[in-house]
Amino acid sequence: MELKRVVVTGLGALTPIGNTVSEYWEGLSTGKSGCGPITKFDAEKFRTRFACEIKNFNVEDFIPRQEARKMDPFTQYAIVASDEAIKDAGFDMDAINKNKVGVIWGSGIGGLKTFEDEMIYFGKGDGTPKINPFFIPKMIADSSSGQISIRNGFRGPNYVTVSACSSANNAIIDAFNYIRTGRINICVTGGSEAPVTIASVGGFTAMRAMSERNDDPATASRPYDVNRDGFVVGEGAGALVLEEYEHAKARGAKIYAELIGGGFSSDAYHITAPHPEGYGALLSMLDALEDAQIKPEEVDYINTHGTSTPIGDPQELKAILDCFGEHAYKMSISSTKSMTGHLLGGAGAVEAVASILAIQHQFVPPTINCQDLDPAIDQNLDLTLNKGKARKIDVALSNGFGFGGHNATVIFRKV
Amino acid sequence: MFDNLSFNSNLCIVFEPQNILEMADIAEKVKSIIVEKLGVEASEVTPEASFTNDLGADSLDTVELIMEFEKEFNVSIPDDQAENIQTVGQAITYLEENAK
């Protein structure tokens, strides 16, 4: 069976460093930090009191209040980012076959705020379960893809992938597969998360996974720095419209890049710790390269998973060295989580958008906040520290690794 | 059988005069809950208006409305009674009779 080509024809972003794709790129290319004190709840007694929240966002600018109140924030974010991507794709909504348009979204958790609010309300009562009838449909992770399809009338495959921080990469790869096998023409994909909540921040700090640099939040997400002390949680959404190449060409669509490969693997090692040799990460990248049918030497830029945790960062770089050999020193590598924080299930989506924009602008966004490069890290790697740079980027690879040992990698190429 | 819930709500109403609602207050509160939850204009919320046929409520909206009435008026509306509350007027009448 001959596989069809799949291209990116629309992008959307709602992130801690920009509420649209153009603002996001402005933030990425100039090295902006999206981090600040937590405003979403009273974090005074929490070990970590900062996060990468989205700013100046009023949901009612995008979704009528009566609809918005039946959506958890992670779904609201999904709607806003996917709206931007769909508009960007410039479809004639009456001309496309909506039965052949899928929505495959990623979210690591789903409606956590909704879950918390309802259980807190229950806990304050006398044990009578006065649970709101919208609780379940707001909370479940697949309400995001469901709401996107309801809003746009897209009747193709519709579901959400859940694989922690690789969720969105898994969603993108599934969307890719449905299009290249000819099952659908178009798929809205990406991911979102709204994890700046008491349970999430409390839970991740209990694992000692989050940075506790409360005296200087803006520099807390510092991948590859010797003093990094954990990830910074972020919220928001990234969206991509994927489209079969001939379908896009026939309607004269603007094409950002081609999605040429997706790879995945499992560490089969530990529920939270990455494999110490980076074996799962290596397998995922090798799988993606094989799927893309390209040589390792063709990759120009890697947007790493790079969460700023002591253990995770070096193992991914080791895997990159094992995968690419000498070529690893010729590539540009960066962690845009240094700016956006870690959007968990939405991370792969905003990082895919970053990788595509890097190709479009032929510019590598930086890894900010690295003041003292960890001596345990190979000093000859080009980690794009603190300042972005122009360079030729034909092929960009983006990694996402999740608790549970899930790894997923996507590769985009300039068209 | 001793009914703890209604006993509490009765106690509440007997001893806390601020909870004694005038009929006009009930109608106004019902209307404002409907405007808030269904996102409709106050002018549409007439006594004859049906939640589902006229005000755009689906089955979940209707359940939520009943729960809001229970919360606001401190009553417990049994399912067999809730089924009979289909219009704004029926809600007001039920609450005028039971919220006291």
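## Polar contacts between chains B and A

Six residue pairs, both members at pLDDT 80 or more, are in polar contact across the interface of chain B and chain A; a polar contact is a pair of N or O atoms within 3.5 Å, where within protein one must be able to donate a hydrogen and the other to accept it, and residues adjacent in sequence count only if both atoms are side-chain atoms. On the side of chain B that touches chain A, helix H2 (23-38) and helix H3 (59-73) of chain B are the elements giving two or more residues (helices are DSSP runs of H or I, at least four residues, numbered from the N terminus).

H3(B) gives the largest share of this side, seven residues. By class, the residues on this side of chain B are five nonpolar, one polar and seven charged.

## Basis of the model

This is a predicted model, in which local features need pLDDT of at least 70 and side-chain atom pairs count only at pLDDT 80 or more, while totals for chains, interfaces and linings use all residues. Residues are numbered from 1 along each chain as its sequence is written, chains are lettered from A in the order in which they are written, and side-chain values use heavy atoms, with hydrogens and water left out.

## Salt bridges

The interface of chain B and chain A holds three salt bridges (a side-chain nitrogen of Lys or Arg within 4 Å of a carboxyl oxygen of Asp or Glu). One salt bridge joins the side chains of Glu36(B) and Arg65(A), at 3.5 Å, N to O.

## Contact and buried area

Chain B brings 13 residues to the contact and chain A brings 11 residues (heavy atoms within 4.5 Å). About 970 Å² is buried between the two chains, 49% of it from carbon and sulfur atoms (accessible area, 1.4 Å probe, lost on being put together, summed over both). Leu60(B), Glu64(B) and Met67(B) supply 44% of the area that chain B buries against chain A, more than any other three residues.

Note on methods
Nonpolar A, V, L, I, M, F, W, Y, C, P; charged D, E, K, R; others polar.
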